[in-house]
Amino acid sequence: MSSEFIIQQLISGVAIGLAYALIAIGYSMVYGILKFINFGHGAVYMVGTYVAYFTWKYLNQSMAVWPSFLLAALLAVASAAVFGVVMEKVAYKPTRGRSRLTTFMSSVGVSLMVTFGMEFLVGPEPRPTPSLFPGVRIDVGGAVLTGMQIFMFGVALTLLVALQWFVHRTQAGRSIRACSEDMGAASLMGVNIDNAISTTFAIGSALGAVAGILIGIYYSAVYPTMGWAAGIKGFIAAVTGGIGSIPGAMLGGLLLGMAENLGAGFLSSGYRDAIAFTVLILVMLFRPSGIFAREQRSSL
Amino acid sequence: MNWFPRRVRLLTLALVVALLLPIFVHSPYALHVMVLLGIWVVLAESLNFVTGFAGQLALGHAAFVTLGGYAGALLMVNNGWPFWPALLVGGGTGFVTGLILGLMALRLRGDYLGMVTLGFGEIVRLLAVNLVDITRGPMGVPGIPRPVIFGFKFHGELPFFYLILALIVFTHMSIERMLFSRFGRACLAIRDDEIAAQAMGVKPYRYKVLAFCISSAYAGLMGVFYCSWATFFSPDAFKLDDSIMLSVMITLGGIGSLVGAIPGAIGIGALPELLRPFTTGARVASLRLAGVGLVMVVFLILRPQGIAGMSIAKDYISLEPLRRLFVRGSDSKPEKT
């Protein structure tokens, strides 16, 4: 195997891994606060991507590529945030206080409903997306770095840093952290729990939509079941880095992206998803609280 | 002593009706659908054993059907095995692979276990698609022989209908026997309170793994039945959607309700046939899955104990008033947790 090939796989791995990190945030923050795996996150990701796709298509008829893209992305992110909040209010809030398996199953139901409702509306076939950086390619030691990959690094890193700042330096972020420490005590201190939970869902869903738009353009394919694989990979990234931690989600995403691309390169691209699941099983077996976690929690 | 309790009477009646059904129903299409529903019933009952009684959420049931199905299909096609030993090998494959996954995964709890079993299911499907030399990949295994019993070769749907009925009876009775044994009671104890069960000397991990392999063995068995019935097996025969659909079936039927899994499986399994007049083609599948998702959310919010109504105790608390509204003469008290 030539070194160029390995560098090439690593570049694609980092690009896609940072997008996984953005998805992972949605799982991580929700798990931190409500202690359940939001299976519906993949559906939010897919809905956000479709909103962006259709808006972009529509606006692109009368506007240039970039302005129409930015407007469409903005609308998609906003609608994904609203969708995430509504999903929590309708499907998860009524099950609060019951066994968390009930909430998990409810989120599986939401995921089925939204994913296949969309498939019913728009059909299952993948749709190609327009390109943002046609022909931009940089040579890096024999490997190729595309404009889209640089754009992905930039967007994902900016958002992750901004999120870290938001969670640690703002009042809303502080309430979210307080709720994930101890919801009862936070409520006693005057934190509005419902608001904190809604903010969490809004942020997670918005970042999920950004990831969906990036991945949709990167692979140039938008289809209703895209949220399944991506959602599960975001979950794997979150678990690998230690669920509940933002830097962990980023490292987990990077690790997963690189493992997947190297594995796909050395074995066969058909095994890409199998490698991701193997990572999940290995992490769950040996380091269930994440490979970067300092202490091991006794129960999951 | 009630030697013929109500639930047995009901089921016996249902069985007699099912046995007589082919006298009135002749269309091969209707029989075909009924065999398919039978497969769903066995799979739902066996999944209910691990999810409902041992309390372990498993979303990889389809993987064991695929594993068992391939084991049986390849033995019958490549090595010329007859159906019956292949059926046993399929069950054995389910058991052994269930043991391997169970030993690894059952230290995890709740939704984490769900995600890991889901991942295992996808790995199995991807292996079946990619190991073209063994499984012929997405092309599938064609020409699987049908069962022969005492020189009588299965032909058409009718013998399969009776065979699946026999398998349902076998599954139901064996699971019921296990439930009333020490093993079953230990599983129930673990589900209700793992720490209390440990204090009474029950080793949770051991029983969970055993429950998991037994449940997977039924799934492997059904894989062989399915491939011989369809005379064809491919990686897409049973996949992630089907695993999730199975957990929907047992959720609607009532998680932990032995009888509830039957109406749950038949109801959800029959949906695509019921929706057929309203939509056409591939859209039927999407509409069915979307509808199932909606029904599932509504059920979990309003009636988490399912149709048949025995449930994980914790779920009663906030629902007692609603429950009284829907279930007349219900006198069960909410339990403190």
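The structure is a predicted model, and every value below is computed from it. In that model, chain A gives 40 residues to the contact and chain B gives 39 residues.

**Contact between the chains**
- On the side of chain A that touches chain B, the elements giving two or more residues are α4 (100–122) and α11 (272–286) of chain A.
- Of these, α4(A) supplies the largest share of that side, with 16 residues.
- Sorted by class, the side of chain A that touches chain B holds 24 nonpolar residues, together with 12 polar and 4 charged ones.

**Chain B**
- Chain B contains 14 helices and 4 strands, and 48% of its 337 residues are buried.
- When contacts in chain B between residues at least 6 apart in sequence are taken, 75% of them join residues at least 24 apart.

**Helix α10 of chain A**
- Helix α10 (residues 246–266) of chain A has 21 residues and should therefore span 30 Å at 1.5 Å a residue, which agrees with the 30 Å between its end C-alpha atoms.
- This helix, α10(A), is mostly covered, since 15 of its 21 residues are buried.

**Hairpin of chain A**
- Strand β1 (residues 137–140) of chain A runs antiparallel to strand β2 (residues 143–146) of chain A, and 4 bridges join the two.
- Within this pairing, Asp139(A) stands opposite Val144(A) of β2(A).
- The hairpin of β1(A) and β2(A) has 2 residues between its strands, and Gly141(A) takes a positive phi near 50° there.

Technical notes:
Residues numbered from 1 in each chain as written. Chains lettered and ligands numbered in written order. Predicted model: local features only at pLDDT ≥ 70, side-chain atom pairs only at ≥ 80, totals over all residues. Contact = placed C-beta atoms within 7 Å. Nonpolar A, V, L, I, M, F, W, Y, C, P; charged D, E, K, R; others polar. Buried ≥ 20, exposed ≤ 12 C-beta atoms within 10 Å, placed from the backbone. Expected span 1.5 Å × (residues − 1). Pairing = 2+ DSSP bridges.
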